Amino acid sequence: MSNPISIEPPARSTVHASFVVNDETREAAIAPHKTLLEVLREDLLLTGTKHGCELGECGMCTVLIDGQPVLSCLVLAIAATDRAITTVEGLASGPSLSPLQRAFAELGAAQCGYCTPAMLLTAQALLDRTPHPTREDIRDALSGTLCRCTGYLKIFEAVELAADRAGSADA
């Protein structure tokens, strides 16, 4: 009679990683296979980034890396170490909402709120590179973030309001 086959689970390994999230250095021991979305939500407890399809199709997990929108469900966390990561928690300045967040709140653009963090971050990246975007610019920028509640009109208007207010402040 032969001995039964022993199947042992793989050894769990972690790596020490340092992240610059919302202008703050954060460190964590993470499994190398974890995505940035998982590390943000599970290890760094930044739950503003939403967990959507995990296929890169819905855009709910969008964060900014070095100012550019990326789908955090498709990025290995280890690839984002020492890069500037911005989550929705980083848009506000203390208790004060950012101008874009204020515009979303004033115009009721948040709807259910599930897509709102991704919309805000993507719109902020747009406004950072194009301070006076056209409606088409806004539509193009936000096209990768799906809103399942109603429509995009209030979201587009909120981005335009924030851009108008920033333009007024520049004058």
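## Threonine 49 and its setting

Threonine 49 is found in the loop that runs between helix H1 (36-43) and strand S3 (62-65). The model in which this residue is described is a predicted one, and the protein chain it shows contains 171 residues. The points below begin with threonine 49 and then turn to the chain as a whole.

**Threonine 49**

- Because its relative accessibility is 2%, and buried means under 20%, threonine 49 counts as buried.
- Leaving aside residues up to four places away in sequence, threonine 49 touches Leu37, Leu40, Arg41, Cys61, Thr62, Val63, Ser72 and Thr87.

**Fold of the chain**

- The secondary structure of the protein chain is made up of 5 helices and 5 strands, and these elements follow one another along the sequence in the pattern β-β-α-β-β-β-α-α-α-α.
- When contacts between residues at least 6 apart in sequence are considered, 54% of them join residues at least 24 apart.

**Burial and surface**

- Of the 171 residues in the protein chain, 39% are buried, and threonine 49 is one of the buried residues.
- The protein chain has an accessible surface of about 9500 Å², and carbon and sulfur atoms account for 53% of that surface.

**Charge**

- The protein chain carries 13 positive and 21 negative side chains, and a distance of 5 Å separates the centres of these two sets.

Terms used:
Residues are numbered from 1 along each chain as its sequence is written. This is a predicted model: local features need pLDDT of at least 70, side-chain atom pairs count only at pLDDT 80 or more; totals for chains, interfaces and linings use all residues. Side-chain values use heavy atoms; hydrogens and water are left out. Helices (H or I, at least four residues) and strands (E, at least two) are DSSP runs, numbered from the N terminus. Buried means under 20% relative accessible area, exposed over 50%, partly exposed in between (1.4 Å probe, protein chains only). Contact means heavy atoms within 4.5 Å. Accessible areas come from the Shrake-Rupley method with a 1.4 Å probe; for residues, only the protein chains shown count as cover. Lys and Arg count as positive and Asp and Glu as negative; His and the chain ends are not counted. The place of a charge is taken as NZ of Lys, CZ of Arg, CG of Asp or CD of Glu.
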